[in-house]
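Thanks for coming. I will go through one structure piece by piece, and the model comes up now.

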There are 2 protein chains.
Amino acid sequence: MIKPYVVGIDIGGTNTVFGIVDARGHVVASDSIKTKKHVDFDDYIAELHEGLSRLIRAKDAEGQIQGIGIGAPNANYYTGEIQNPPNLPWGPIIPLAEKVSKAFGGMPVAITNDANAAALGEMTYGAARGMKDFIMITLGTGVGSGIVINGQLVYGADGFAGELGHLVMKRNNGRVCGCGRTGCLEAYCSATGVARTAREFLELRSEPSLLRNLDIEDITSKDVYDAAMAGDKLAKEIFQYTGEILGEAMADMVAFSSPQAIILFGGLAKSGDLLLKPLKETFEKSLFPAYKGKVQIILSELKESDAAVLGASALGWEARYRYETPLVEQKEEPKA
Amino acid sequence: MIKPYVVGIDIGGTNTVFGIVDARGHVVASDSIKTKKHVDFDDYIAELHEGLSRLIRAKDAEGQIQGIGIGAPNANYYTGEIQNPPNLPWGPIIPLAEKVSKAFGGMPVAITNDANAAALGEMTYGAARGMKDFIMITLGTGVGSGIVINGQLVYGADGFAGELGHLVMKRNNGRVCGCGRTGCLEAYCSATGVARTAREFLELRSEPSLLRNLDIEDITSKDVYDAAMAGDKLAKEIFQYTGEILGEAMADMVAFSSPQAIILFGGLAKSGDLLLKPLKETFEKSLFPAYKGKVQIILSELKESDAAVLGASALGWEARYRYETPLVEQKEEPKA
């Protein structure tokens, strides 16, 4: 029996990680290359192809790959392109699916953004197995989201649905966000948001804090976590503040799709009760009455080092685009 | 040839309107009864059955009804029940689908709330024909919503998704909302919200206004509209304020599902540029950059007097529940 595999590729601003994944969600082999080493996109694809082919040969998996799933910033599921990425060198429109499929001889490819990939990974291999309605929130450098409704990832009319990190949480005098607007959830509840809150609290207030021993410009969310775990009152309040804003935002998300669960992923999500206690309290208090007590808040079950590749690979099982075929949904095969 | 019909029933706090609708969206006959005339739910059902049977006989439509769709407050699509309605006399759990189906000899019945019914009506017969991703916002006494993603109405895990009237727009010092929380969209952008804004503006400010000729407690959104159309500056500002809040809320909705369009329905939606100009300006300005210029704001194309029945009737075409059969999704028929 030929064992089926998929390939997952996660394209980040720094590293591109790729791996071979089996049907039970085990990453059987993985490797990485530097994303920005090549100014020319074709050179990048060539190195990716070479690295991945080496893995496939090493695992004797030639002919067993069902498809390739890719998670990348600003990746459009419908067009197969990366569109206007803030952080990649290869131009405003990057024909990712086409180039990867072509490099692998017409292998089926599907792409989406990393948060959507994380949601698919969680649904296929993790905490959301069997769930038809949930929201994935990734708390990293930014705040990403992937929304599943009725068992399907929500792509929206343009392929870019699910920017819940850019719900506006402060409508007056809100922080400037990387998107150019002000007051976005991401400006408060990402790792960088927590660091910004730390700087703000330290400047506006005079009480002592372990954080004052650090260069204020270099403070990270990890520093705030360490200080809070050491009992620092100000650092705990920073998590309280972060959890409250996230809880309020998540209550608004529920008013949209009434999910069974909201799943948290990423470094900040591992802050334990420092974040989760104020988050859950504010969330439950802020919910529209009909939703109270119905929505679980749970943590991702995917190992962080594997999650990006696993998530992307989950898309590989349903990949449809092949080089030389038009980018339209595959027609149903005629019934015999 | 037997012409197929569906029945649409709209259960409001005051009137229950019902009608027979053909496949092209014409209401071929309709009538109504008083919703609260009967304290006993069975008596209500008996009168509804009698009135509807009379219509069906008058149109010689016996045997041609494919299903019954019902729009009702707090109606749960999954269970077929009205659950905890704020404004109906028949108890916390009302087995609506069961009783109606039983009264009509096992006719297929489906129920949902009125805003979801409006969205289905728009998709089946109105401005959203051919759209797979849109959001319907009903601006009436409250603010309701129906969300369509990938051609499917979003019901959520519990059947109650889509309470966008209860997105929180003012997180500090917001108005008390009927739901018991504060700052909800509905407290500002419904007909009653506009009247509240009028009272607030009149009390806090001293400038002259036509609205000062009215008893402040009796001012309605219609009064504000009339004053604004007569050139009253304060009344125009009330619409400006309302449009801005609604525009900001709608920008957040887009960050969720990236719809092709947002469709407005209800009395306030007919305020023309008084509301739409500030709404569209604020909406476009508030959108996350990737969505700018992509989302249409359009008005319902359904005649208001027919819309509730039409919307409910649209659900009738896909009604599955029959009395004496379990409330589960119909199994696919085996392929020959």
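Strands (E, at least two residues) and helices (H or I, at least four) are DSSP runs, numbered from the N terminus.

Before going on, a word on the source. This is a predicted model, in which local features need pLDDT of at least 70 and side-chain atom pairs count only at pLDDT 80 or more, while totals for chains, interfaces and linings use all residues. Residues are numbered from 1 along each chain as its sequence is written, and chains are lettered from A and ligands numbered from 1 in the order in which they are written.

Back to the strand. Strand β11 of chain B covers residues 261–265, and five of the five are buried, so it is largely enclosed by the rest of the structure. As background, side chains in a regular strand alternate between the two faces of the sheet.

Which strands pair with β11(B)? One is β8(B), residues 134–139, which runs parallel to β11(B) and is joined to it by five bridges. Pairing requires that DSSP finds at least two bridges between two strands. In this pair I135(B) stands opposite I262(B). The other is β12(B), residues 296–299, paired with β11(B) in the parallel sense over four bridges. There, A261(B) stands opposite Q296(B). To get from β11(B) to β12(B) the chain passes through helix α8(B), residues 273–286, and this β-α-β crossover is right-handed. Right-handed means that, with the strands pointing away from the viewer, the path from the first strand over the helix to the second runs clockwise.

**A five-strand sheet in chain B**

Next, an open sheet of five strands in chain B, in the order β3-β2-β1-β4-β7, with mixed pairing. At its edges stand β3(B) (27–34) and β7(B) (109–112), each with a single partner strand, so one side of each has no neighbour in the sheet. From one strand to the next the twist averages 15°. For such angles, axes are lines fitted to C-alpha atoms, for helices over the stretch in contact, and angles run from 0 to 180 degrees between N-to-C directions.

Strand β2(B), residues 15–22, pairs with β3(B) in the antiparallel sense over seven bridges, and V17(B) stands opposite S32(B). Helix α9(B), residues 304–316, packs on the sheet and touches β1, β2, β3, β4 and β7 of chain B, its direction making about 125° with that of β1(B). Contact means that two C-beta atoms, placed from the backbone, lie within 7 Å. Helix α3(B), residues 114–125, lies across β1, β4 and β7 of chain B and runs at about 135° to β4(B).

**Chain A**

Over to chain A. Six of the seven residues of β4(A), residues 65–71, are buried, so this strand is largely enclosed by the rest of the structure. Five bridges join β4(A) to β1(A), residues 5–11, and the two run parallel; D10(A) stands opposite G71(A). With β7(A), residues 109–112, β4(A) pairs in the parallel sense over four bridges, and I70(A) stands opposite I111(A).

Is L315(A) buried or exposed? It has 28 C-beta neighbours inside 10 Å, so L315(A) counts as buried. L315(A) lies in helix α9(A), residues 304–316. Leaving out residues up to four places away in sequence, L315(A) touches G69(A), A110(A), T112(A), A117(A) and L120(A).

**Where the chains touch**

Finally, the contact between the chains takes 31 residues from chain B and 31 residues from chain A. On the side of chain B that touches chain A, helix α7(B), residues 233–257, gives the most, with five residues. The residues of that side divide into 15 nonpolar, eight polar and eight charged. In this count Ala, Val, Leu, Ile, Met, Phe, Trp, Tyr, Cys and Pro are nonpolar, Asp, Glu, Lys and Arg are charged, and the others, Gly among them, are polar.

That is the tour.

Key
A residue is buried if 20 or more other C-beta atoms lie within 10 Å of its own, exposed if 12 or fewer, and partly exposed in between; C-beta atoms are placed from the backbone.
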